[in-house]
Structure formats: C-alpha cells, structure tokens
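I opened this notebook to keep track of what I looked up in one protein model.

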Amino acid sequence: MTLTANLPDFDELIDRRGTHSAKWDKMEALYGVSPADGLPMWVADMDFRPPACVTKAVQDMLDVGIYGYFGDDRAYLEAITWWHRTRNNWEVDPSWIFTTHGLVNGTALCIEAFTAPGDGVVLFTPVYHAFFRVIEASGREVVQCPLVNRDGRYEMDFDAYDAMMTGSEKMLVLCSPHNPGGRVWTQEELTALAAFAKRHDLILVSDEIHGDLVFPGQTHIPMACAAPEISDRLVMMTATTKTFNIAGAHLGNVIIPDPALRDRFGKVTAGLGISPNAFGLHMATAAYSPEGAAWVDALMAYLDGNRAVFDAAIDAIPGLRSMRLEGTYLAWVDFSGTGMEEAEIKRRILEEAQIAVNYGQTFGEGGRDFMRFNLATPRARVEEACARMQRAFGDLQ
C-alpha cells in the first residue's frame, strides 16, 4: 500500500456535535450560535481525521486493553528527532527534549523557570490570546510590542521596540509562524529578532506549534537554525497536536539546547510532577513518520484551496480584507474599512451569518477591527461561510 492510499477525504463532513468538542459543543453557550445550523470557526482545531497511522496507534492500545504507565521512550524521542531532521533540517539531541501538557503549559513553565513575579514578558501583538492569560496569571507583566501592518502584512519594528524596553523585561515569547497574522518569518527577520533579544538580555521562547503548517512556496525556519548564536538564551517549543489535529492529547515538546537553561526548566517540571499521558506519546510517535509527512503535505495543499476560496469571497465585500496567509489555517480579517462599530460587526457575524469567530481585541494591541476565522474544515463549509458573510454584509456591495 502506498502512503497516499491512507490519506483521508478532507471533504468528508464529520458530525462532531455531542462529542464533547469544545469547538462545536461550547459554541452556543459562548456565542449564542446553535450547533444545529451554526458554523464554528473559532477554536483552532481541524474538522479532519488525523493520519491513519495515528488512529492505528490508538487502536493498538485498545487491542491490548491495559492503559498503564508509558515506558521506554526511545522510539518517541527518535520520531521527534527524525521529524525535525528531515522536515526542518534541524538536528535535535534527545536529551534536550521535555514533554509538557501542551505548549500553553510549556509557556507557563518557561515563565516560572526563567522569570520572577513583576518581570516583563514581551509579546509582538496582536498575538495568540492564551499568552496573555498565563503571563498575567503568574503575576508577570505583559509588554506589548505592536507589529506594523504594512499593506496587509505584519512586520517587526525593532527601532520602536528598543525604545520601549525599560530593563524590567526578562523574556520574549515569539509565535512562529505567527498567529493570528499568518506570517512565516524570514531569515532576516529572525536574525534581527535574535539581536534584539541579545541586546536586552531576554530569554527567547519560540512557540513553533504552527511550524509544519506552511503553504506551498513558504519555508519555516526554526529559530534554532536561524540564530544558533543565541542558543544560550533560546527555548524552542514544538508539538504534533496542531499539525495532526490531536490537540486533545495535550502534548507538547519544550526543546532546550543550553544545559544551564535546561537545568532550570527541569527543576520546575520535577517540582510540579509533570509527566505526559501514554495516549499522546503513542499518537505523537506514529504521527512523526513518513505517513504523517505525506498527510501534512496533502493537508496543506487542501488548505491552500480553502484559503483561496475564502480570500476571494471576503475581499469581494467592500470594506473587508483577508490578510494573506503564509502559514497556519487561521484567517485574519480586517473590518476597519466598513466604518462599523465592533458591536455591529459581531451582530452580523453571529446573528445573521451564524458563524462563531475569535474577536480580534482578545489578541492584544492591533487586534481591534479584526476577526479570526478557522479555515481547517471541509471546503463546503468554507464556501457556506463565505456565502453567509456576503449576505450578512450584502448592503456594502
């Protein structure tokens, strides 16, 4: 059997209602959008089945029927190192790898390990909203460095950021590729970022959970490869969960090349009794494989089609503009051209279009006037969402 024979039908409409899916089953309580006829385009998981090799790994566990502690992680660690070597040209030593309960948890552990209460943590905003939650909950200060929206594409402005630093900042959390803007940062940008972190003596935590989700013609460069000269202040974070739609496994990898940083992080995880679940370890081992790689390549080709359909439809509505995605499956739509108040934009999306989306203001400074739409769903649903949006904002056409 060829690898392609195991690829799923991404057009399959899978009914996830009543399955304890946060994306579908919490939509009505949070947004007032009924799952009976609403479209959930908010939570960042996909409405696609994972690779067959992942499903088989779970079935193999079920066939044994005993769910004890996981032992002998050599295959798991080798799968991680194989993936990054073959997909990213990045050599990872297995001894650098920690496994956490996802990368929000990984971020929180980094905050605990490398900063103290009252310290500043730098974010390039707008950015993934969960970063704000864990920084603030730990008693640290969020330092927002706004990205520059230059003709519908985010860029960094290090001259402005240099002027903002006070010396209280101890850590920078990078989202690479960027959520919600969809940027795949270039070598030049990452080099400048590394220099910025060094100038201001910042630990750089690079969240690369979307690193496998880049569109044809784009290349994701791991921060460790882009700037090896800052390995003494660098923490890498990667995961199978976003890539293969297994977020419920709550599994992430914090990869730390520097032994001193590794020791500090290890003491925090040991003190909290952190250990991964067996289901997630089996799924990740299966996913990081040639079959998993073929699945990701097919996925990105399919999502590229969804992106094209969505962008064309949204851009056809006067006053709306969809930012051009280079990576991720999360479209970032600018409503500022409508001249409408946020409440009216939300009313049209939620009540008229019956679509649940993420509100831009939750992503920090620069997010106002934007909404985030999840495109990782069968194309028929993307086309239906486009038609609903065009009707909801039809008076602008």
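The entries below record what I looked up, one topic at a time.

**Entry 1: the whole protein**

I note at the start that this is a predicted model. I looked up the secondary structure and found 15 helices and 15 strands. Next I checked the radius of gyration, which is 21 Å. The globule rule gives 21 Å for 397 residues, so the protein is as compact as a globular protein of that length. Along the principal axes, the C-alpha atoms fill a box of roughly 60 × 60 × 40 Å.

How much of the protein is buried? I found that 55% of the 397 residues are buried. The accessible surface comes to about 16100 Å², and carbon and sulfur atoms hold 52% of that surface. I also looked at contacts between residues at least 6 apart in sequence: 73% of these join residues at least 24 apart.

**Entry 2: the largest pocket**

I turned to the pockets. The largest pocket has a volume of about 1200 Å³. Its lining has 45 residues, and the closest to the centre are Val43, Ala44, Asp45, Ala247 and Gly248. I sorted the lining by class and got 22 nonpolar, 13 polar and 10 charged residues.

Which helices each supply at least two residues of this lining? I listed helix H1 (22-25), helix H3 (52-64), helix H5 (103-114), helix H6 (129-137) and helix H10 (241-244).

**Entry 3: the second largest pocket**

The second largest pocket holds about 250 Å³ of space. It is lined by 15 residues, and those nearest its centre are Arg87, Gly211, Asp212, Val214 and Gln218. Two elements give two or more residues to this lining, helix H4 (74-88) and helix H13 (290-315). By class I wrote down 6 nonpolar, 6 polar and 3 charged residues.

**Entry 4: the cavities**

I then looked for closed spaces. The structure holds 3 cavities of 30 Å³ or more. About 70 Å³ of space lies in the largest cavity. Of its 13 lining residues, His84, Asn88, Glu208, Gly211 and Thr238 are the closest to its centre. This lining divides into 5 nonpolar, 6 polar and 2 charged residues. I noticed that Gly211 had already come up among the residues nearest the centre of the second largest pocket.

The second largest cavity has a volume of about 40 Å³. Strand E1 (39-40) and helix H15 (379-392) are the elements that give two or more residues to it. Which element gives the most? H15 does, with 3 residues. The lining divides into 6 nonpolar, 1 polar and 2 charged residues.

**Entry 5: helix H6**

I came back to H6, one of the helices in the lining of the largest pocket. Its buried residues are Ala130, Phe131, Phe132, Val134 and Ile135. What covers them? The cover includes H5, strand E3 (120-125), strand E4 (141-146), strand E7 (169-175) and strand E8 (203-207). An α-helix has 3.6 residues a turn, so residues three or four places apart point the same way. I also noted that Gly139 follows H6 and has a positive phi, near 80°.

**Entry 6: two loop residues**

I picked Thr115 first, which sits in the loop between H5 and E3. Is Thr115 buried or exposed? Its relative accessibility is 9%, and the cut-off for buried is under 20%, so Thr115 counts as buried. Leaving aside neighbours within four places in sequence, Thr115 is in contact with Cys110, Arg140, Lys170 and Met171. Thr115 and Met171 are 56 residues apart in sequence, and their C-alpha atoms are 7.2 Å apart in space.

Ile209 has 13% relative accessibility, so Ile209 counts as buried. With neighbours within four places in sequence left aside, Ile209 is in contact with Leu103, Met237, Ala239, Thr241, Lys242 and Thr243. I also checked Ile209 against His178: they are 31 residues apart in sequence and 9.8 Å apart in space, C-alpha to C-alpha.

Note on methods. Residues numbered from 1 in each chain as written. Predicted model: local features only at pLDDT ≥ 70, side-chain atom pairs only at ≥ 80, totals over all residues. Heavy atoms only, no water. 1 Å grid on protein atoms, 1.4 Å probe; cavity = no way out; pocket = protein on both sides within 12 Å on 5 of 7 lines; lining within 4 Å. Points joined across faces, edges and corners; volume = space filled by probe spheres on them. Nonpolar A, V, L, I, M, F, W, Y, C, P; charged D, E, K, R; others polar. Helix = DSSP H or I, 4+ residues; strand = E, 2+ residues; numbered from the N terminus. Rg over C-alpha atoms; globule rule 2.2 N^0.38 Å. Buried < 20%, exposed > 50% of the residue type's maximum accessible area, 1.4 Å probe, protein only. Contact = heavy atoms within 4.5 Å. Areas by Shrake-Rupley, 256 points an atom, 1.4 Å probe, with all protein chains shown as cover.
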